[in-house]
2 protein chains.
Amino acid sequence: VKPSLPKGTRDFGPEAMARRQFIIDSIRSVYARFGYQPLETPAMENLSTLSGKYGEEGDQLLFKILNSGDFLKEVDLDKPDQRSASRLTAKIAEKGLRYDLTVPFARFVVMNRNEITFPFRRYQIQPVWRADRPQKGRYREFYQCDADVVGTDSLVCEMEIVQMIREAMNALSLRDYTIRINHRALLGGLAEVCGFTQKENDLFVAIDKLEKAGEDAVKAELKERGFPADKFALLFSALATPGSNEQKLAAIEQTLKSSKHGLRGVGDLRQLLDLLKASGTGDEHLDIDFSLARGLSYYTGCIFEVKLHYVAVGSVSGGGRYDNLTGVFGMPGVSGVGFSFGIDRLYDAMAELNLFPPGTGQSSRVLVAHLDAPAFRYALGVLARLRAAGIASEIYPDPAKVKKQLEYADRKKIAFSVVIGEEEVKTGNLTVKRMETGEQSKMKIEALIHELTSE
Amino acid sequence: VKPSLPKGTRDFGPEAMARRQFIIDSIRSVYARFGYQPLETPAMENLSTLSGKYGEEGDQLLFKILNSGDFLKEVDLDKPDQRSASRLTAKIAEKGLRYDLTVPFARFVVMNRNEITFPFRRYQIQPVWRADRPQKGRYREFYQCDADVVGTDSLVCEMEIVQMIREAMNALSLRDYTIRINHRALLGGLAEVCGFTQKENDLFVAIDKLEKAGEDAVKAELKERGFPADKFALLFSALATPGSNEQKLAAIEQTLKSSKHGLRGVGDLRQLLDLLKASGTGDEHLDIDFSLARGLSYYTGCIFEVKLHYVAVGSVSGGGRYDNLTGVFGMPGVSGVGFSFGIDRLYDAMAELNLFPPGTGQSSRVLVAHLDAPAFRYALGVLARLRAAGIASEIYPDPAKVKKQLEYADRKKIAFSVVIGEEEVKTGNLTVKRMETGEQSKMKIEALIHELTSE
């Protein structure tokens, strides 16, 4: 039998792993510098925890785990009502795979509410699983990379998220991007002044398509859903308000002056700009964009999304404030704000822009090659010295022609080969070959270590 | 509904995570220094990949994933032969959760045989899932931490494994331990000279219990299984051969002189000692122990296991050489050797011995506290300076009494608090409180950064 992978899943070999690890380590170090603490939750959750949290479509996309042992023990297959897939599932599967990191986080907070010190800042970097139809760039297993703070409604958290995004992007050498930001209450106010309050969610879902589908398509959708067209001029000119961030806020303030809700949104965004100024970092990369809506229904405050310029990978980060994440588990009134980076998209963008530092994905820096048995023994000592100096190194483990050993170094992109023969054993003067150029030189082990550690 | 975790699974909160991360990072950095490269495989594998690889008991312990959609479509529940749990499973579940890292690694090697440069050194640190009955110290989700090299039978690999174990233990400050080592061919030779060749596997399983159950219990088991007792004296005196590693090998060589197989084992162990000597590291911590058998049937060469002294956590590492890992996937003749660390056991041992570096599990090092609104604004600038210097810091995000802010720092074990009021805003002379001692001092931000980065 030829082995294969389940569809929609991937192996990450050495080079991909090293690059992914670079991205994850960069983001993790930013999270940690901002006082966020790590959390990991199990891959499996009870279906009672997961079901009903992601809408009907989400429930369909949950991977469910068959109960262990004789899972049919309690099932009477002669009863017709137990014979549909959905009824039977309820009887034979109690657990499912994590669908995102947000619901497990909410469950964790509720279960540990008495031990947690609030405000609680946590980050979590783990895979999630969705039974989506696999397609280009969409996988059934993929990493999420979340940071959330719960237990405070201070806009300092939003300010810090903007800063963390900028520092992470900087660490990844991504320079050309925009952090789009908006506020759900501001959008709600806009719905209010347009008289669209009844169908707020339909409105947000339609607005969310504005950038991709264009104004005409969104207008058509709104018409179809029964929105009166006489308010479209007001709505779409507000969504496209031009100017600097301050100018946009001043303009929309006028539009929303009759909506308390809307003005709260304007006030929050203004305060966010002020906090950024007070912290000395300003609004670089930040673009207040009233047409940003984001799909998820649980956002209640600021929302944001990060868009790269010049690469078409979709948004690489996004998030927002929510007011009732833990309510569904019986702990109401916990405000929080969170965001997430998309590792796969960052990876694709960095690969396209050639931004991975040279050497990412390399294994050893030195291969120790040997001409004969005495050279091999001597090489073991050289190898031990290199490793003791913290230099990732390896020896070709079998007796083989030097040509073969150097080919191995080439294929593994090992930068240096040390070739040891009778002469080197006698004098301790090692032959060092820089693989890229083929350039050779003679030096003692101490000199080689010095060169490699001071590079 | 009160939320809960599936039995046998765990959340890892901030402190546990930081400690686990310390262990994993330490081990990973050793693997990397020895030229091992990272690999990750998907959580889900096809059941055709997993089934039959772990014995009948293992098959029972696989977590199986219900097919998505209408999984009953192809099932005729009126046919009695499709109504047993095992028959039905085959129809409704095609995928299972990874049970270990070895089989996915073998699958990866076979699927990528044309791209891989052999010898291939890989490490892999990921969770695995087993539907074991949960009990103290045994979980249904736990991390494995494997390193394997395939495509060479050089004993240099075994030498390096001994060295990697020592370096990892050293990085974790674990000083009192023994690396027990033996050889399957040597054990096979012993079976041969005792006339036990027919039931070699039963013999190894019984010997494996020697340390825990004692000689009498093992003798009783062997008797029950029909081993002739007249050879027990020869067997058990060989298993308990005393002396230095060299003395043990010399003694067992005499016992095994009629067994070619056994002498190969002796030769390999002797060569391993010689390689260690050549690399300048000797046989510290190494104990050749002929009573080490290890349960798994696929080992064919050197086997080893690491036992801590003074803490009863079981073996924290183990592994061995195998000759046919990939044969089951149609790629015969690939020799390899691998080993693994047990993160949970290392964690328990380090916690018991109090070996985690001070500060592991701390979040921020500095809390910036504030007395009023102008102080809050000023504090944001201080915060930005600290973080820019790489010092993990946070601000209490809400206006609150200073007492409450300092209590927050205390509960989160944050080492320093900077308290900012009118005076500090005016002079830039910050009040810095060392939380453990309560000691206060006044200093400029530059001095604080200097103190914290040079500590």
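This is a predicted model: local features need pLDDT of at least 70, side-chain atom pairs count only at pLDDT 80 or more; totals for chains, interfaces and linings use all residues.
Most peptide bonds are trans, and most residues other than glycine have a negative phi. Departures from both patterns are described below, beginning with the peptide bonds.

In chain A, the bond from A:Phe118 to A:Pro119 is cis. Its omega lies near -5°. A:Pro119 sits in a loop of chain A. B:Pro119 falls in the loop between helix H5 (102–111) and strand E5 (120–129) of chain B.

Positive phi values were then examined in chain A. A:Ser173 is not a glycine, yet its phi is positive, near 65°. The residue belongs to the loop that connects helix H6 (156–171) with strand E7 (177–183) in chain A. A:Ser173 has a relative accessible area of 27%. It therefore counts as partly exposed, since that class lies between the limits of 20% and 50%.

A:Tyr310 is another residue other than glycine with a positive phi, about 70°. Its loop runs between two strands of chain A, E9 (299–308) and E10 (315–322). The relative accessibility of A:Tyr310 is 71%. A:Tyr310 is therefore classed as exposed, because the cut-off for that class is over 50%.

Methods. Residues are numbered from 1 along each chain as its sequence is written. Chains are lettered from A and ligands numbered from 1 in the order in which they are written. Side-chain values use heavy atoms; hydrogens and water are left out. Helices (H or I, at least four residues) and strands (E, at least two) are DSSP runs, numbered from the N terminus. Buried means under 20% relative accessible area, exposed over 50%, partly exposed in between (1.4 Å probe, protein chains only).
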